Amino acid sequence: MGKMLESLKNTDRAVYDAVINETKRQREGIEMIASENFVSKAVLEVVGTTLTNKYSEGLPNKRYYSGNKYIDVTEQLAINRAKKLFNAEHVNVQPHAGSQANAEVYFALLELKDKVLAMDLSHGGHLTHGSTVNFSGKFYTMEHYGVDPETGRIDMDQVRKKALEFKPKILLSGFSAYPRKLDFRAFQEIAEEVGAYHMSDIAHIAGLCAAGVHENPVPIADVVTTTTHKTLRGPRGAMIMSKIQDRLKPNDKKNLAQKIDSAVFPGMQGGPLDHVIAGKAVAFKEALEPDFRKYAEQIVKNAKALAEVFSENGVTMVSGGTDNHLILLDVEKSFGIMGKEAETVLDEVHIFTNKNMIPGDRGTPFNPCGIRLGTPAITSRGMKESEMKQIGEWYVRTLKNPSDESVKQKVREEVLEFIREFPLYPDLGY
Ligand SMILES: *Cc1c(COP(=O)(O)O)cnc(C)c1O
């Protein structure tokens with residue numbers, strides 16, 4: 001074990017030091033960035049193996065390179081396990097990241113300038129859902145729905161009204177910052193009514209869907225994209241799940257599954273990341289275990305326990321609370337500071353979170369009124385409801401006293417002592 005990272009240390013001291021420092025940073029902080037998580041040691045191991053050396057363009061048993069006997073094993077395992085986990089008809093595990101997966105679905109189903117109706121970025125959508133600074137907003141014609149300003153919830157009547165007016169080719173459900181459940185069946189009905197595909201992007205909630213803690217859209221929607229590294233707790237990457245038949249164009253030469261596969265390769269990617277795909281296979285095996293269901297349930301219990309603390313302290317949350325793994329705080333309204341300052345002072349006390357736009361934000365994307373926090377990573381470290389009470393109290397104390405160095409010093413000391421009881425990768429060897 002003492003030899004871990006020895007070659008790296010000897011070859012490149014600067015990178016080695018950064019890795020050691022980053023590992024220490026992760027160990028000594030309360031990680032509450034809602035999109036982050038800690039993979040298992042098994043996943044860490046496989047991602048650092050010789051599988052990174054291989055080229056394997058194509059699909060299992062249909063490769064453009066020789067020597068893929070063992071790569072076929074790992075990719076096929078990833079596909080089979082993902083199918084089982086999500087009850088999917090078809091899965092492509094090659095997308096390098098969530099943004100690529102979305103680009104690939106658009107590329108498969110749309111022509112340039114075709115119309116997509118998706119969630120507004122400032123209401124919780126993702127950049128790839130049509131932001132003007134993203135390829136999606138430049139290549140396609142995007143229209144957005146949002147949340148009701150009163151309730152903070154998606155209003156399906158508004159979605160339907162917009163869909164009927166706008167006539168999108170894709171109706172997109174999914175978000176990066178929305179604390180409530182989605183009604184996938186209602187999205188599907190609207191898509192069918194207006195002759196659109198229903199694409200769902202479950203990047204954030206995939207682990208909850210796999211565990212049955214949130215409804216799983218895979219049996220409902222035409223196509224579902226997800227990252228593998230958020231609540232699903234796998235390596236950094238993504239996948240696309242879909243129906244086999246193309247509901248809107250059943251007579252095309254290619255079915256929907258074939259269209260997705262060729263959009264991934266040769267459409268938008270070259271060789272897959274075989275070491276990462278093996279990591280996906282391992283993570284999906286873990287997610288199929290009964291323990292993962294308990295984990296996903298605990299994520300939601302923890303988020304609700306945290307929301308309770310905020311509620312007791314009069315902190316304003318978008319939609320008044322949460323049904324999933326994340327909470328959006330209006331820090332401007334609650335504490336009179338902006339999201340950027342809130343993120344910085346929390347970082348000073350070793351609580352990691354991120355500034356975030358909230359619906360009707362009075363600030364800018366760089367300095368919005370909100371912060372977003374999530375429970376997937378701290379739940380992976382073994383924290384439960386009682387720890388949430390403590391963490392919630394630290395948030396409130398810190399955000400009420402953003403410039404009081406002695407308060408921050410005290411919270412930082414408390415956090416450092418607390419976090420030692422939840423060791424992260426204790427036997428990693430570095
Ligand atoms: C995180 C996220 C993505 C993008 O994932 P990357 O791997 O960072 O490209 C896409 N869609 C949604 C909804 C996300 O939350």
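**Close-up views of a predicted model**

**View 1. Side chains of strand 9.** Val 223, Thr 225 and Thr 227 point to one side of strand 9, Val 224 and Thr 226 point the other way, and all are buried. Buried means under 20% relative accessible area, exposed over 50%, and partly exposed in between (1.4 Å probe, protein chains only). Because 5 of the 5 residues of strand 9 (residues 223-227) are buried, the strand is largely enclosed by the rest of the structure. Helices (H or I, at least four residues) and strands (E, at least two) are DSSP runs, numbered from the N terminus. This is a predicted model, in which local features need pLDDT of at least 70 and side-chain atom pairs count only at pLDDT 80 or more, while totals for chains, interfaces and linings use all residues. Residues are numbered from 1 along each chain as its sequence is written, and side-chain values use heavy atoms, with hydrogens and water left out.

**View 2. Neighbours of strand 9.** Strand 8 (residues 197-201) runs parallel to strand 9 and is joined to it by 3 bridges; two strands pair if DSSP finds at least two bridges between them. Opposite Val 224 stands Ser 200. Strand 10 (residues 238-242) is antiparallel to strand 9, with 5 bridges, and Ser 242 is the bridge partner of Val 223.

**View 3. Tyr 64 in its loop.** Tyr 64 lies in the loop between strand 3 (62-63) and helix 4 (69-86). Tyr 64 is exposed, with a relative accessible area of 62%.

**View 4. Buried residues of helix 16.** Among the buried residues of helix 16 are Trp 394, Tyr 395 and Leu 399.
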